[in-house]
Amino acid sequence: MKLQTTTLDFDELNELDAEKQAEKAEKRGKTRVGYVPIPYREFFGKMHIEPEQMEERIALAQDIEREVLFIFAYWAIRDDIEVSTEQLKAELKERLYGVITERTKVDDYIKAHLDELADQIIDTTEKRNEEIAQDESMGIQSYWLSTDRAMLISENEANSIENYVEYRQAKSQGFTHKRWLTELDNKVRDTHAEIEGKVADIDELFRVGTSLMRFPHDVEYGADPEEIINCRCACRYEP
Ligand SMILES: [Zn+2]
């Protein structure tokens, strides 16, 4: 299965977000490169999900983070160990499949999603290679190989995967309806606030801005990455 073109450009969007954040920090007289993630318990704790769903997301995010950091560590020494970009992509994919396989079935949707995610993480890192080298020469840890970046990716990914897995499960359990729930705070993007509490048939698509989505983070119908990055919305399934 090939996902549609606009999928998973959120690591790129994270870059833009990181730049915006850095600009803001600079204006306040602080210099900081990169985006500072919210701790997992706080990030997932604010979502409108059950406590056990929250625990699952935290555990999944921690596992993804571990694998991403492993790859970042590899990246830092890749010249010494002569590992290619393609090998790193393959390694990351295997590791991500492993994380999901421990929990649930890796179907075509999840596989396509993880493949694209791994490619994108490595490609973005590659693009930032000069910056990484420069940071290294100054003896500072680069944002592009940092725990902050790994956490940001992992928060987003845990939601993408869990939202899909919950949707798949709800369908197989015979749920017929779903309700889109935002966090109801001022950070909710307008296009999501507009559909707060909206109920739909389980197979129906939510119209989110100009995108069509079955659930928050759904990329099946080519949703705009702007509707996905850092989205903390959830679906509640109903009989
Ligand atoms: Zn949202």
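## Basis of the description

Helices (H or I, at least four residues) and strands (E, at least two) are DSSP runs, numbered from the N terminus. Residues are numbered from 1 along each chain as its sequence is written. The structure is a predicted model, in which local features need pLDDT of at least 70 and side-chain atom pairs count only at pLDDT 80 or more, while totals for chains, interfaces and linings use all residues.

The predictor's confidence in each residue is given as pLDDT, on a scale from 0 to 100. The chain has a mean pLDDT of 88, and 85% of its residues reach 70 or more. Over residues 1-10, pLDDT stays under 50, and for this stretch the model has 25 contacts beyond four places in sequence. Two residues are in contact if their C-beta atoms, placed from the backbone, lie within 7 Å.

## Overall organisation

The chain contains nine helices and five strands. Read from the N terminus, its elements follow the order α-α-α-α-α-α-α-α-β-α-β-β-β-β. Of the contacts between residues at least 6 apart in sequence, 64% join residues at least 24 apart.

Of the 239 residues in the chain, 35% are buried. A residue is buried if 20 or more other C-beta atoms lie within 10 Å of its own, exposed if 12 or fewer, and partly exposed in between, with C-beta atoms placed from the backbone.

## The nonpolar core

A nonpolar core is a set of buried Ala, Val, Leu, Ile, Met, Phe, Trp, Tyr and Cys residues joined through C-beta atoms within 7 Å. The largest such core comprises 49 residues, and Val68, Leu92, Leu96, Ala118 and Ile121 have the most contacts inside it. Two or more residues each come from helix 2 (40-45), helix 3 (51-76), helix 5 (85-101), helix 6 (108-127), helix 8 (147-172), strand 1, strand 3 (206-208) and strand 5. The greatest contribution is that of helix 8, with nine residues. In soluble globular proteins, nonpolar side chains tend to be buried together.

Helix 8 is 26 residues long and spans 36 Å from its first C-alpha to its last, close to the 38 Å expected at 1.5 Å a residue. The expected span is 1.5 Å times one less than the number of residues in the helix. Helix 8 is largely enclosed by the rest of the structure, because 19 of its 26 residues are buried. Just after helix 8, Gly174 adopts a positive phi of about 85 degrees.

Three strands form an open sheet in the order 2-1-5, with antiparallel pairing. Strand 2 (199-201) and strand 5 (234-238) are at the edges with a single partner strand each, so one side of each has no neighbour in the sheet. From one strand to the next, the twist averages 30 degrees. Angles of this kind run from 0 to 180 degrees between N-to-C directions, and axes are lines fitted to C-alpha atoms, for helices over the stretch in contact.

Two strands pair if DSSP finds at least two bridges between them. Strand 1 (residues 177-181) is joined to strand 2 by three bridges, and to strand 5 by five bridges, also in the antiparallel sense. On the side of strand 2, Lys178 has Ala200 as its bridge partner, and Arg179 stands opposite Val199. On the side of strand 5, Trp180 stands opposite Cys235.

## Strand 3 and Val208

Val208 is located in strand 3. With 24 C-beta neighbours inside 10 Å, Val208 counts as buried. Beyond its neighbours within four places in sequence, Val208 is in contact with Thr191, His192, Ile195, Met213, Ala223 and Glu227. The C-alpha atoms of Val208 and Glu194, which are 14 residues apart in sequence, lie 8.3 Å apart.

## Exposed loop residues

Most residues other than glycine have a negative phi, and most peptide bonds are trans. Glu82, in the loop between helix 4 (78-81) and helix 5, has a positive phi of about 50 degrees although it is not a glycine. Glu82 is exposed, with 7 other C-beta atoms within 10 Å.

Leu184 lies in the loop between strand 1 and helix 9, and its phi is also positive, near 60 degrees. Leu184 counts as exposed, with 12 C-beta neighbours inside 10 Å. Lys187 is placed in the loop between strand 1 and helix 9 (190-193) and is exposed, with 10 other C-beta atoms within 10 Å. Lys187 and Cys231 are 44 residues apart along the chain, and their C-alpha atoms are separated by 9.6 Å.
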